[in-house]
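Hi everyone, thanks for making time this morning. Let's have the model up on the screen, and then I'll walk you through a few parts of it.

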Amino acid sequence: MSMKHKAGVLLMTVGALLTAAAHGNASDGTLRIGIDQFPTNLDPGQNPWQQQQAIMHLIAGTLTNQEPDGKQVTMGLAASIEPGDKRFVVKLKPDLKFSDGSALTATDVVASFNYYMNDKTNGYSYTFTPIERVIATDDLTVEFELKRPYPSLPFILALPSSEIIPSESIEARGSKDLYNGDHPLPAAGPFQVQSFGQDQITLQRNSHYAGTQPSTKTVIFKKIIDPAARLAQVQGGEIDWADGISPKQVGQLSAPVEVRSALAINGLSFLSLNNRDSSLLSDVRIRKAIAVAINRKQINEVVHAGQSQPALSLWATASRYSRPFLSADPDVTRAKELLAGTKCENACKLKLITSSASEAGGDTVIVVQQNLKAIGIEVDIVKAEGATINEWLTQGNFDLWAGGSFDVADFPDGYLAWTVGQANEALYSGYSSSEMNRLIEQVNMTTGSERDAAVAALNALFEKDLPLVPTTNIVSVSASRVPSEILNISPTMYLEVR
Amino acid sequence: MLVVRTTFARALQIVIVGLFVTVGTNLLVRLVPGDPARAILGEKASPEVVRALRHELGLDQPVIQQIARSLGRLVQGDLGTSFGYRGQEVASLIGPGLGVTAGLAAVAIALSLVVGVPGGLWLALVRRTEADLIGRLGTTVLLALPSFMAALILLYFVSLKLGLAPAGGWAGSWPENARYVWLPALALTTYLGPLIARTVRQAALDAIGQPFVEAARARGVPRRRIVACHVLPNALLPVITLVGFNAGILVSGAVIVETVFAVPGLGSRLLQAMSTRDLPVMQGIALVTAVSIVLFNLLTDLLNIAVDPRIRRTH
């Protein structure tokens, strides 16, 4: 063989290698999703971030299922739930099975909840606090005995952190090995874990799933940290869905890639204000002036490319509890009136911290800096990566923080605790009000008109104290090359795979 | 004897580097703010839960005790277990990433040599012509281009516009990886390739001016033979050292390029470990990288001893 011949063969071989791509795509029942935050193990109690929960949601078999609108739940593994003041009776569907074909009974439900309630390192422990004990009265019946009324329990039962896992596995494995990614537990959700890696997680359709079988056979999650790289890969056809792209990049999308966005049903982006005595913002008049001076329309346009909505109350715009009292436009005159007689009347300086990894946070603080300059407040922007920001927040080493909080459904318990309640001293703001705590308790324990009245009082108190300043609704923007009927993002911020 | 002495010196270096990296990363990570337990559990977890996890991870023990424990494990060849990937050995977590980064770096080095050596030699042969001027200008521009910028430019034009390569990813096995590796490797080549070309050009020019080349020319040895037998071997000697001592820069460049092309190498491991303050993994990656660079330097020394008789003679 001549040299030219050999070179030709070599080139052809390399060419064949380069083009022989192992492509997956929606048409063969495989979805490839690019995300930046992977679970580090399969413990739903230790994977609290949105994208981690989105993956857990597809695996977890839960007693109830969250409806995509985030407003209600339907029956999951449960056939019925009989709510009571301090006792919920759950009847399981008959012949339930885990993905390995083993039977799922009331014993598994009890073992799962006992495990969660006793796990001291479970990040969702607050969801189990109102539960006294869980008992099985027969193979298909479970009773939740409660310490206090817990009307949100059906929503809690739909969370991935309430997934039902086999009692045998709990007994056989120690707590450290229970959620080992190398040996995934049998699941009862629509998908099961086929492989769990640091850069790729593959889920396989669970043929024993009790609900409607998804048409998608395989879901491959790929870790792609850089949003621009995710966008490039969805545009190039390497993946079908690029999760969490920058709204400003939407204009770069070209067919067949389309934008998919959803506003969170429960939660907001806001400026968390340091209410402690050490900060100028302990003065409610300055807090209110900031709330009035903020241009929420501008933040929506600049930060979210108009994909979000201005936040005008403590709650997300679509929440049933929302009672708007803020304005989308700034009112500089009113803000200056509010500053009269305060330490910021003539001028003052505030420290605004934000995560360097958050593009939205970075853009928000620029707008806020401009907005507050108009009322004589100078803002020092300090950026740091997430873990450092958390430390500063815990220490109260800030005046303002461009952050946010959300929950997957329109139930108040967790959201109120994190924003205006005592948990974490109200998202690090240091805000503490016995009246607010009393109202939160009232909201959490009541239903119907009683709850409505409690929410109205709570909203009024929030408007009066204003421990934090809502800016915009939380929006998730993704790019997709598959129809929304197959894969979409919902207001719960879960990925809906069908 | 020289080989043994060099190997021993580098082995000693590995021990010292290991000690410094272990103590240094332990102290540095504790100096910067950020709680691993909070990073794992998220902002909504209660302080009690965070405290419980800190206890489980051993983070509530005195720093000195934690460092001593790390060193004790290291002596036994144990890099510890990850905070985030509960119960998983650090070695098993970073091993695959190390393989990927090593593969990427190897392809980048090979590409750099393939482009840089003939390129540099050619520039030497056409010295002081317009082609030489343009070539040197080109190498200067490429050297000034940060690797992430080169990666983004290649991603946009080669992948998205021309569709010649995937926009990122990794197949997970060879030879399928070839489809994914060449573009990120090319991005890394934009630094090392021009550097090699410039070095080879200069070394070749030095060799061309040497008496033995003049003598060969006077003897009527063909030009091609002079270049192949007298100029090239001398021009290649500094390349070995150059590649060896640029390993560190190549690895740090790989971290950025891996992020742009979503290559699951040490870069993505390091980024995740840093964001979650996964100290054992951060420490493991720092240690493995440092030791790899020392080993690479050892290989460079040994290669130089093998190919350059002058070094053997002076020792």
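**A helix pair in chain B**

In this predicted model, helix 5 (residues 90-125) of chain B packs against helix 12 (residues 266-275) of chain B at an angle of about 140 degrees, with the axes 7 Å apart. Helices here are DSSP runs of H or I with at least four residues, numbered from the N terminus, and axes are lines fitted to C-alpha atoms over the stretch in contact, with angles from 0 to 180 degrees between N-to-C directions. So helix 5 of chain B is oblique to helix 12 of chain B; angles under 35 degrees count as roughly parallel, over 145 as roughly antiparallel, 65 to 115 as roughly perpendicular, and the rest as oblique.

Who makes the contact (heavy atoms within 4.5 Å)? From helix 5 of chain B come B:Leu93, B:Ile94, B:Gly97, B:Leu98 and B:Thr101, and from helix 12 of chain B come B:Leu266, B:Gly267 and B:Arg269.

Over to chain A. Its domain assignment, automatic or from a database, gives domain 1 (44-214) and domain 2 (263-475). Their C-alpha centres lie 33 Å apart, and 14 residues of domain 1 of chain A are in contact with 17 residues of domain 2 of chain A.

Finally, A:Leu203: leaving aside neighbours within four places in sequence, its contacts include A:Leu58, A:Phe191 and A:Phe221.

Two housekeeping notes. Residues are numbered from 1 along each chain as its sequence is written, with chains lettered from A and ligands numbered from 1 in the order written. Local features need pLDDT of at least 70 and side-chain atom pairs 80 or more, while totals for chains, interfaces and linings use all residues, and side-chain values use heavy atoms, without hydrogens or water.

Definitions and conventions. Contact means heavy atoms within 4.5 Å. Helices (H or I, at least four residues) and strands (E, at least two) are DSSP runs, numbered from the N terminus.
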